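Have a look at the sequence and the model first.

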Amino acid sequence: MSGIPRTSDQLGPEAQKLLDYLCDHPNEKYTVAQLANIAGCAEEDAKVHLEALAYQGEIEKERPEGGETVYCRPRKT
């Protein structure tokens, strides 16, 4: 995807804040609205950052059947 940083080393402050939060709360699932509130940014901005992080493989994106999309950072073993 064009314009998406290739690594987490190139993240902006809001995206880094989202990644840090998800790393501190492994295996917990959050909606875009919840994460936007945590990062203190607009939902649309949070969604763009989360999509980039998912594209990079830093986090996982799930859409439960009939539910809202959620994001999480799996616990690394």
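## What covers helix α3

In this predicted model, the cover over the buried residues of α3 includes α1 (13–24), α2 (32–39) and β3 (70–72). Which residues of α3 are buried? They are Ala46, Leu50, Ala52, Leu53 and Gln56. Looking down the axis of α3, you would find these buried residues within an arc of 160°, so they line one face of the helix. There is a general idea behind such patterns: an α-helix has 3.6 residues a turn, so residues three or four places apart point the same way.

## The length and end of α3

Let's pick out Leu50, one of the buried residues of α3. Leaving aside residues up to four places away in sequence, Leu50 touches Leu18, Leu22, Val32, Leu35, Ile59 and Tyr71.

The largest nonpolar core has 16 residues, and those that touch the most other members are Leu18, Leu35, Leu50 and Ile59. Two or more residues of this core come from each of α1, α2 and α3.

## The sheet

Now for the strands. Three of them form an open sheet in the order β1-β3-β2, and their pairing is antiparallel. β1 (30–31) and β2 (60–62) are at the edges with a single partner strand each, so one side of each has no neighbour in the sheet.

What joins β2 and β3? This antiparallel pair is connected over 3 bridges. For Lys61, the bridge partner is Tyr71 in β3.

## The whole chain

Stepping back, the chain has 3 helices and 3 strands, and along the sequence they follow the pattern α-β-α-α-β-β. Of its 77 residues, 35% count as buried. The chain exposes about 5,000 Å², with carbon and sulfur atoms supplying 45% of that area.

How many of the contacts reach across the sequence? Taking contacts between residues at least 6 apart in sequence, 53% join residues at least 24 apart.

Definitions and conventions. Residues are numbered from 1 along each chain as its sequence is written. This is a predicted model: local features need pLDDT of at least 70, side-chain atom pairs count only at pLDDT 80 or more; totals for chains, interfaces and linings use all residues. Side-chain values use heavy atoms; hydrogens and water are left out. Buried means under 20% relative accessible area, exposed over 50%, partly exposed in between (1.4 Å probe, protein chains only). Helices (H or I, at least four residues) and strands (E, at least two) are DSSP runs, numbered from the N terminus. The arc is that of the directions from the helix axis to the C-beta atoms. Contact means heavy atoms within 4.5 Å. Accessible areas come from the Shrake-Rupley method with a 1.4 Å probe; for residues, only the protein chains shown count as cover. Two strands pair if DSSP finds at least two bridges between them. A nonpolar core is a set of buried Ala, Val, Leu, Ile, Met, Phe, Trp, Tyr and Cys residues joined through side-chain atoms within 4.5 Å.
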